[in-house]
4 protein chains.
Amino acid sequence: MQQFQIRTDLALEATESVKKKEAGQLRGVSIEEYDVMEDVHISKVVIMSKNAAKSMGKPTGTYITLEAPDLQESDEDYHREISEELAKQLRSVLPDIGNEKSILVVGLGNRDVTADALGPSTVDNLFITRHIIREYGKQAYHASKMHQISALVPGVMAKTGMETAEIIKGVIKVTEPDIVIVIDALAARSVKRLNRTVQITDTGIHPGSGVGNHRNALTKESLGIPVIAIGIPMVVDAGTIVCDALEKLSQEYDEGKASLDYFRNNADTQLHNMYVTAKNIDETTKRLSFTLSEAINIALDMEA
Amino acid sequence: MQQFQIRTDLALEATESVKKKEAGQLRGVSIEEYDVMEDVHISKVVIMSKNAAKSMGKPTGTYITLEAPDLQESDEDYHREISEELAKQLRSVLPDIGNEKSILVVGLGNRDVTADALGPSTVDNLFITRHIIREYGKQAYHASKMHQISALVPGVMAKTGMETAEIIKGVIKVTEPDIVIVIDALAARSVKRLNRTVQITDTGIHPGSGVGNHRNALTKESLGIPVIAIGIPMVVDAGTIVCDALEKLSQEYDEGKASLDYFRNNADTQLHNMYVTAKNIDETTKRLSFTLSEAINIALDMEA
Amino acid sequence: MQQFQIRTDLALEATESVKKKEAGQLRGVSIEEYDVMEDVHISKVVIMSKNAAKSMGKPTGTYITLEAPDLQESDEDYHREISEELAKQLRSVLPDIGNEKSILVVGLGNRDVTADALGPSTVDNLFITRHIIREYGKQAYHASKMHQISALVPGVMAKTGMETAEIIKGVIKVTEPDIVIVIDALAARSVKRLNRTVQITDTGIHPGSGVGNHRNALTKESLGIPVIAIGIPMVVDAGTIVCDALEKLSQEYDEGKASLDYFRNNADTQLHNMYVTAKNIDETTKRLSFTLSEAINIALDMEA
Amino acid sequence: MQQFQIRTDLALEATESVKKKEAGQLRGVSIEEYDVMEDVHISKVVIMSKNAAKSMGKPTGTYITLEAPDLQESDEDYHREISEELAKQLRSVLPDIGNEKSILVVGLGNRDVTADALGPSTVDNLFITRHIIREYGKQAYHASKMHQISALVPGVMAKTGMETAEIIKGVIKVTEPDIVIVIDALAARSVKRLNRTVQITDTGIHPGSGVGNHRNALTKESLGIPVIAIGIPMVVDAGTIVCDALEKLSQEYDEGKASLDYFRNNADTQLHNMYVTAKNIDETTKRLSFTLSEAINIALDMEA
């Protein structure tokens with residue numbers, strides 16, 4: 001039914017229409033939804049078969065979405081309780097995380113573009129241990145079990161001249177982590193997702209989804225080790241918003257199709273390279289990156 | 001004709017429909033338009049009578065608009081030629097600028113919000129002379145004639161607890177400049193104005209126009225000395241974009257009015273506190289503020 | 001005894017030699033010292049008479065110094081317990097603070113120079129209430145008693161062309177606060193004070209003290225209302241360090257005076273415009289400004 | 001003769017005493033010095049034999065130093081003429097640079113620590129071409145000969161948990177450049193070198209030299225391809241300054257040796273983790289990084 005390209009990184013959005021109607025009964029898909037606290041909603045979609053993947057338009061794997069309207073608001077302890085819930089969800093997709101691992105966390109995106117800085121900012125607050133453990137052992141932390149955590153901000157292709165995947169592959173070859181976690185700012189289709197939805201998936205990042213093309217595939221297939229991706233929608237493509245409004249209209253006014261198409265194309269052209277963000281995007285990025293970094297710190301603390 | 005609030009700071013946009021049809025013949029309004037170089041267009045609207053002011057919905061005074069699509073693009077010498085044209089236009093509205101003046105330049109807006117940082121960033125690159133001239137005289141610069149330039153970044157009310165106008169009034173009382181120049185990021189109604197249109201006016205800044213309310217009136221009446229305002233549209237209100245698309249539609253589908261109103265209200269609610277910016281807003285702000293500061297430096301250089 | 005200019009903003013340092021030997025018995029000076037918790041030391045010097053002021057080389061008033069080696073270290077809750085002790089000390093010098101006041105907090109220094117950014121950064125995290133109370137009343141905060149807090153970052157003279165005192169005077173004239181609190185990065189004489197000593201005084205800021213000359217007098221005499229100054233030493237003048245080492249030497253080697261003077265002058269010339277800072281000054285400024293802003297927020301919370 | 005560790009990254013300084021006295025006559029060392037314009041001095045030391053390397057305490061290779069007091073000053077075109085001279089010198093050590101190469105430029109150091117940000121800031125202004133040439137060919141630039149330029153900011157070990165060398169090795173493995181250029185902020189021994197001396201060498205970077213240990217060896221041996229290192233001294237270790245003053249003294253006062261040693265140790269302890277920088281280090285880093293990036297851009301432009 002969709003005549004134009006949907007620009008979204010959110011599995012929840014991409015599969016929304018399908019999900020509502022059929023996914024529940026679709027073979028090879030399990031859906032679980034529940035509230036973990038007031039106003040914090042978790043949905044967990046597991047796509048188990050190739051057929052289901054095809055129907056859903058998403059690779060097989062687990063997609064966890066946490067929705068919390070409060071995330072948009074400033075909070076004295078940076079939403080500690082949400083960080084803890086995210087940590088729990090994150091652990092559920094980290095393979096064999098009860099045993100000591102070497103884990104590389106990668107902050108994707110452009111540090112100098114506010115709406116794209118979520119990944120780099122998150123990485124800035126991580127608790128990094130690999131170099132200390134390798135030099136002084138776990139005893140430096142008085143710990144009996146401990147992951148080796150390292151972190152990388154590869155930068156974007158326009159500034160490095162290299163694919164993000166090339167840089168990550170090289171670093172993995174030499175430092176040999178067991179797992180990669182990648183953090184990225186996402187594009188959503190609807191402003192109602194902005195800055196309040198966190199997506200965790202064990203399928204990594206696939207080329208062609210979302211607005212940015214600052215990356216190509218970051219998956220177990222391409223990198224050789226499990227890739228967990230964490231993202232928060234920070235922008236909506238401006239064209240998408242107008243198109244969506246028009247789409248809804250066209251469902252009611254069949255006679256006006258042609259004219260609606262005209263406006264749609266117009267919006268697409270005029271709004272190219274424009275995006276919609278919250279007015280307080282600078283502060284929001286700072287806050288959300290802190291909530292995420294705490295979630296990762298908690299999830300990777302073996303004694304927590 | 002307009003059924004909903006237009007959010008724009010641009011005189012050019014606010015008067016566009018009127019201007020096109022009638023302004024030319026309106027008594028008390030003069031309009032002049034010309035190209036100064038390839039792809040740089042100047043329009044100068046002078047509103048001379050109270051009646052004309054009422055018809056145009058703008059205070060009496062001079063409104064100069066420079067439009068240059070190139071401003072959006074990065075350029076090795078930061079669009080020096082546009083800075084020079086802006087300097088010329090700016091001089092044309094600065095009163096008695098052939099004689100030495102004390103001039104206070106004020107950078108409005110929030111330094112920490114990329115899309116609102118144009119004013120503060122512009123002020124950062126100005127050539128400041130007041131303290132040197134007062135301490136050592138013009139001879140410190142080997143100059144025979146020289147303006148005393150001072151600059152202020154008052155900050156926004158949410159961070160200062162004070163109206164911008166209060167801070168500026170106080171500073172004027174004590175430092176007694178002859179003229180104030182205020183720089184501000186504007187909101188436009190159409191994305192086609194973003195980052196490529198500069199507006200210079202001798203009417204100062206009036207409350208209620210534009211998106212932000214980080215200021216109230218900054219005018220000759222309120223401050224006691226001439227106020228020149230310079231602005232560049234950096235954002236479009238997200239709701240405005242959808243509303244504008246719908247407005248155009250409703251001109252064609254009279255039967256659909258009610259439904260269009262529904263979508264319009266919806267857009268307004270959902271898109272509240274959202275805005276549309278160019279994807280490279282961070283870099284754009286840096287570049288445009290440099291072009292502006294050079295324009296002011298040239299305009300205020302008595303030996304240039 | 002001192003043959004060369006001491007560059008220090010710290011009362012504790014300026015009066016150290018005097019204090020140790022005589023201040024205890026000096027008429028018109030009271031000295032109190034105590035530990036408030038492990039490794040947090042308070043000293044409170046009150047200079048009560050003009051004679052005492054002359055002997056001590058400092059204006060009459062109260063000087064409170066908090067020394068806490070831990071302040072140099074990063075801490076999960078940003079040294080909350082030290083913020084609370086500072087709040088208590090700050091209240092002790094704020095006049096009539098049990099009743100509702102209008103209080104202007106001024107962040108001195110240059111936001112773009114890391115070692116001088118303490119004041120601006122502190123102001124960024126303050127809880128600002130004046131505009132809300134004036135618009136909506138205290139009920140907006142569900143409070144029965146509440147101070148009106150406003151804040152200003154005036155910038156430095158090289159960038160504004162105006163004396164800091166001119167800007168502050170102007171703002172006071174128009175907004176009429178009851179009390180001014182000024183925050184500033186200080187210069188110390190000894191590296192052992194850096195980033196671990198907080199000075200609170202009710203004497204304001206006097207010209208000529210410290211390294212910077214980004215200000216002239218900010219006192220009750222010059223501004224017309226009480227001025228409380230809070231500062232933390234962030235730099236040591238590089239020349240001072242060498243001079244101090246040489247001074248100590250010269251006390252042992254009388255015969256070497258001339259040669260020592262030669263080296264001293266040399267150090268002064270070569271090290272002009274150089275200063276000594278901690279290697280992690282960028283991170284330290286961020287942390288300390290947060291500890292200070294919390295101290296002020298607590299001290300000015302009437303229901304705390 | 002030196003009883004304490006000299007902390008310097010500058011070949012010029014390390015070899016100064018040797019150079020002056022003997023290097024000229026030392027077999028296996030050639031020294032060339034000349035002025036290229038007013039107040040721009042070039043010195044070129046080539047260490048050709050293992051014996052000479054041992055005598056000089058530096059690996060065999062070419063060391064070019066450009067000294068220009070003007071570099072410390074702000075300049076309208078960011079010292080374009082010095083960028084051009086640096087480009088010329090840089091070309092002289094880049095192997096086979098007349099033919100098309102793939103060149104990786106690495107900005108060492110910590111972006112968040114002003115005095116250590118020279119490398120990352122330089123890389124921010126480079127003209128990056130690799131991704132464009134690989135996707136669209138040289139014709140995208142209308143050029144017949146062109147290098148493929150890529151750039152990397154690996155970050156510091158405390159924030160990545162990885163040795164800088166590990167990250168660079170990995171990226172080289174996957175992207176296979178022909179040459180690496182590394183940029184780094186250096187430590188000097190004397191403040192008179194700060195911010196005005198540029199060192200270019202084809203020996204790469206060797207562990208243990210200089211203050212920072214944010215890297216280990218980056219040399220042709222360790223990375224497998226030629227490594228050109230460019231550096232500018234941005235800091236002097238604070239202890240070094242006092243020690244140097246004392247050292248000079250001790251040459252005159254033999255009887256005072258013991259006491260001088262006492263002060264020296266004291267300075268070392270107290271000044272640990274302190275450094276001396278120019279007061280305007282924030283602005284200086286910005287300017288010098290621009291001069292360097294232009295130098296590299298010019299040197300790598302095959303049609304310049």
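Q: Which residues does His206(A) touch, not counting residues up to four places away in sequence?

A: His206(A) touches Pro59(A) and Thr219(A), once residues up to four places away in sequence are set aside. Contact here means heavy atoms within 4.5 Å. This is a predicted model, in which local features need pLDDT of at least 70 and side-chain atom pairs count only at pLDDT 80 or more, while totals for chains, interfaces and linings use all residues; side-chain values use heavy atoms, with hydrogens and water left out. Residues are numbered from 1 along each chain as its sequence is written, and chains are lettered from A and ligands numbered from 1 in the order in which they are written.

Q: Where in chain A does His206(A) lie?

A: Helices (H or I, at least four residues) and strands (E, at least two) are DSSP runs, numbered from the N terminus. His206(A) lies in the loop between strand 7 (197-201) and helix 9 (220-223) of chain A. Its C-alpha is separated by 16 Å from that of Gly107(A), 99 residues away along the chain.

Q: Is His206(A) buried, partly exposed or exposed?

A: Buried means under 20% relative accessible area, exposed over 50%, and partly exposed in between (1.4 Å probe, protein chains only). His206(A) has 27% relative accessibility, so it counts as partly exposed.

Q: What does chain A contain as a whole?

A: Chain A has 12 helices and nine strands. Of its 304 residues, 57% count as buried. Among contacts in chain A with a separation of 6 or more, 73% are between residues 24 or more positions apart.

Q: How do helix 4 and helix 12 of chain A pack?

A: Two packed helices are described by the angle between their axes and the distance between the axes. Axes are lines fitted to C-alpha atoms, for helices over the stretch in contact, and angles run from 0 to 180 degrees between N-to-C directions. Helix 4 (residues 80-93) and helix 12 (residues 281-299) of chain A pack at about 50 degrees, with axes 8 Å apart. Helix 4 of chain A is therefore oblique to helix 12 of chain A.

Q: Is the crossing of helix 4 and helix 12 of chain A left-handed or right-handed?

A: A crossing is left-handed if the near helix is turned anticlockwise from the far one by less than a right angle, and right-handed if clockwise. In chain A, helix 4 passes helix 12 in a right-handed crossing.

Q: Which residues of helix 4 and helix 12 meet in chain C?

A: From helix 4 of chain C they include Leu86(C), Ala87(C) and Leu90(C), and from helix 12 of chain C they include Leu292(C), Ala295(C) and Ile296(C). By class, the residues of this contact are eight nonpolar, two polar and four charged. Ala, Val, Leu, Ile, Met, Phe, Trp, Tyr, Cys and Pro count as nonpolar, Asp, Glu, Lys and Arg as charged, and the others, Gly among them, as polar.

Q: How many residues of helix 8 of chain D are buried?

A: Helix 8 of chain D is mostly covered, with nine of its 12 residues buried. Among them are Ile167(D), Ile168(D), Val171(D) and Ile172(D). Helix 8 (residues 164-175) of chain D reaches 17 Å from its first C-alpha to its last, close to the 16 Å expected at 1.5 Å a residue. The expected span is 1.5 Å times one less than the number of residues.

Q: What is the phi of Glu176(D), which follows helix 8 of chain D?

A: Most residues other than glycine have a negative phi. Glu176(D) has a positive phi, near 50 degrees. His142(D) also has a positive value, near 50 degrees, and is found in the loop between helix 6 (130-136) and strand 5 (148-152) of chain D. At 75% relative accessibility, His142(D) counts as exposed.

Q: What is the phi of Asn195(C)?

A: Phi of Asn195(C) is near 65 degrees, a positive value. Asn195(C) is in the loop between strand 6 (179-188) and strand 7 (197-201) of chain C, and at 2% relative accessibility it counts as buried.

Q: Which residues are in contact with Thr160(C), leaving aside its neighbours within four places in sequence?

A: Thr160(C) is in contact with Ile128(B), Ser150(B) and Ala151(B) of chain B, and with Pro154(C), Gly155(C) and Ile167(C) of chain C. Thr160(C) lies in helix 7 (residues 157-160) of chain C and counts as buried, at 5% relative accessibility.

Technical notes
Parallel < 35°, antiparallel > 145°, perpendicular 65-115°, else oblique.
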